[in-house]
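Biologist: Could you walk me through this model? I'd like to go through it piece by piece.
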There are 2 protein chains.
Amino acid sequence: MATIRELARHCGVSVATVSRVFNTPEVVSRETRQRVEAAAAEIGYLPNESARTLATKKSNMIGLVWDTDHRRSGWRHPFLQEILVALKTALSAQGLHLLLLATGADEPDRHLRAVRRHNLDGVVLIDNGSRDPAVLGLAEAGIPCVALDLPLTGPCCTYVTSDNAGGAGQAADHLVTRGHRRIATITGPARTGPGAERLAGFRAALAAHDVALPPEYVVEGDFYLDSGRAAMHRLLSLGTPPTAVFAAGDEMAIGALQAATAAGRRTPDDIAIVGFDDIELAALIPPGLTTVAQDRTGFGTAAAEALIAMIRAAPEVPAPPPIVLPTTLTARGTA
Amino acid sequence: MATIRELARHCGVSVATVSRVFNTPEVVSRETRQRVEAAAAEIGYLPNESARTLATKKSNMIGLVWDTDHRRSGWRHPFLQEILVALKTALSAQGLHLLLLATGADEPDRHLRAVRRHNLDGVVLIDNGSRDPAVLGLAEAGIPCVALDLPLTGPCCTYVTSDNAGGAGQAADHLVTRGHRRIATITGPARTGPGAERLAGFRAALAAHDVALPPEYVVEGDFYLDSGRAAMHRLLSLGTPPTAVFAAGDEMAIGALQAATAAGRRTPDDIAIVGFDDIELAALIPPGLTTVAQDRTGFGTAAAEALIAMIRAAPEVPAPPPIVLPTTLTARGTA
DNA sequence: CTGAAAGCGCTTACAG
DNA sequence: CTGAAAGCGCTTACAG
């Protein structure tokens with residue numbers, strides 16, 4: 001492990017000059033620069049990141065706060081992997097690394113402590129509870145952070161989310177265009193952002209088409225399979241059952257599909273179904289789930305861009321506005 | 001951001017003593033220790049990790065090399081998320097953090113460089129190509145590392161894998177016990193470890209039952225859905241088609257199921273199917289895929305344990321032997 | 001364009 | 001059990 005001092009001696013310059021070659025190359029003469037660069041390659045010099053961080057107070061590391069606790073156990077993020085890849089790709093293009101923060105003890109300042117100990121340049125939040133004080137603490141402390149699907153704002157915070165209302169509207173439009181008038185919905189929990197937004201968007205779109213949405217056509221689920229099954233069961237037992245259902249999540253949509261099939265209804269003829277998310281399963285399960293696809297890669301890319309912008313910007317520059325990603329209706333067999 | 005010097009002054013001791021309170025508390029007097037601890041809490045002192053790393057050459061960080069490039073694009077690891085959670089949990093219990101290494105340019109020493117720059121204590125490899133020189137370079141350099149599902153060995157390397165042969169044997173046993181004699185298999189690529197091992201285990205188990213495996217009953221797939229579909233199509237068109245099929249991966253099994261259904265065969269009566277992996281979909285798709293489940297959490301936990309053992313061990317201690325996780329046959333509707 | 005020097009915040013022999 | 005001091009490998013004003 002060659003150090004900067006060895007490299008400097010090796011080419012007869014000061015350590016300051018070597019440092020400049022790596023940090024502000026434009027400031028050193030071309031001849032010196034080339035000599036140092038060649039020598040660096042020759043002896044395999046690698047700058048020590050800890051020493052750099054200690055001297056500059058910037059670690060070139062982004063913390064990833066991925067809360068694996070607050071959800072029902074067994075919960076799997078529908079596209080965590082894509083987000084991670086996009087994030088990693090976009091950040092590493094800027095020389096930033098991703099540090100997975102442990103969600104350890106329940107101290108409300110645990111994230112902030114990690115940020116300070118490691119001199120993290122910023123934080124990305126995935127799948128966090130909306131009222132987690134550890135998350136709010138980050139925002140208040142002025143740490144650059146961007147949340148995914150969580151409306152977190154502050155002087156140095158922003159978030160990225162899908163156009164949940166718009167996507168639900170696309171679902172409604174699609175069903176109306178297919179001739180449906182009796183359209184029900186299985187919602188997510190009303191207290192969740194996506195749950196509430198998708199219901200609102202769905203309701204607004206139906207209203208725009210002059211299609212009524214009676215109260216018994218709105219049944220709340222919890223985004224999991226079973227709740228979709230139960231909801232469909234209930235809808236089918238109504239005096240005037242719907243001819244189409246929009247489920248605010250694919251897993252619920254699949255549960256609904258199974259319940260409909262079990263009840264002897266054919267999809268899409270007896271009952272049409274549209275989901276939300278476009279999980280992997282959606283394309284695989286017969287007859288193919290029609291669903292509203294989110295921009296999976298966009299989450300990671302947009303988050304990285306926003307974060308980098310905040311990190312590079314002067315402190316007084318306000319945080320970028322929330323980023324709302326458009327959705328795409330993907331028509332398959334169920335509607 | 002209080003420093004160790006401020007804290008030391010605050011309680012009238014030397015910085016050395018403060019350092020000992022945090023690193024070797026048993027060596028300082030109880031009275032001094034408590035005084036320092038109280039003061040630390042009071043002024044919110046947090047040790048600076050970069051400074052510690054610089055002084056000790058140990059970062060308490062583990063590199064995560066997760067190769068997102070070598071697979072077909074769109075490839076998703078069947079249970080990356082569970083592995084990450086288990087890994088994170090087990091490592092953070094030891095005060096270790098996980099640093100996601102960027103798979104940037106194609107330099108064969110890119111991982112090693114990252115390890116050296118950041119003073120990483122060890123590396124976990126997920127989903128890497130078997131002949132990646134950057135991976136072999138790590139092993140040769142004597143960096144403590146553990147690979148997942150990749151037979152990487154060395155003075156300081158080990159790996160964890162499922163008992164692929166045993167699991168395939170469980171599938172064979174199950175089908176024979178159900179009375180099948182004409183049993184085919186859809187394999188993974190022969191060049192992949194899991195592909196080869198599952199075929200070998202399957203073959204051995206059938207032989208143990210005196211059940212023949214004619215060459216036309218072995219058709220190679222690529223672990224993806226379409227190859228399962230195509231393979232089943234071929235098997236059903238045989239002069240003497242099988243009554244049961246073991247697919248070496250769930251996605252292929254589901255493809256096979258779809259092809260059988262499309263061909264008018266009923267599962268499990270006309271054709272039984274067993275998969276491998278127990279992906280989420282397996283339980284959801286009717287009639288429920290019978291499959292060989294891997295110990296998803298075990299991967300992360302075992303990897304963390306092995307890595308920690310290597311890091312803590314003296315240099316001359318040999319690396320732990322490969323860890324082979326048992327599988328579990330999960331019987332559902334298809335066999 | 002370049003160098004000497006101070007400083008970043010810790011740890012750890014070495015004395016006592 | 002505790003302290004003074006050297007050292008970890010860099011960066012960055014400050015001079016020149």
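Biologist: Which helices each supply at least two residues of the surface near DNA strand D?
Modeller: Those are α2 (15–23) and α4 (49–56) of chain A together with α2 (15–23) and α4 (49–56) of chain B, where helices are DSSP runs of H or I with at least four residues, numbered from the N terminus, and near means that a heavy atom of the residue lies within 4 Å of the strand. This is a predicted model, in which local features need pLDDT of at least 70 and side-chain atom pairs count only at pLDDT 80 or more, while totals for chains, interfaces and linings use all residues. Residues are numbered from 1 along each chain as its sequence is written, chains are lettered from A and ligands numbered from 1 in the order in which they are written, and side-chain values use heavy atoms, with hydrogens and water left out.

Biologist: And which one gives the most to that surface?
Modeller: That is α4(A), with 5 residues.

Biologist: What about R20(A), base or phosphate?
Modeller: For R20(A), a side-chain N or O atom is 3.2 Å from a base nitrogen of DNA strand D.

Biologist: Changing topic, how much of residues 2–56 of chain A is helix?
Modeller: That stretch is 69% helix and 0% strand, with its end C-alpha atoms 21 Å apart.

Key. A polar contact is a pair of N or O atoms within 3.5 Å; within protein, one must be able to donate a hydrogen and the other to accept it, and residues adjacent in sequence count only if both atoms are side-chain atoms.
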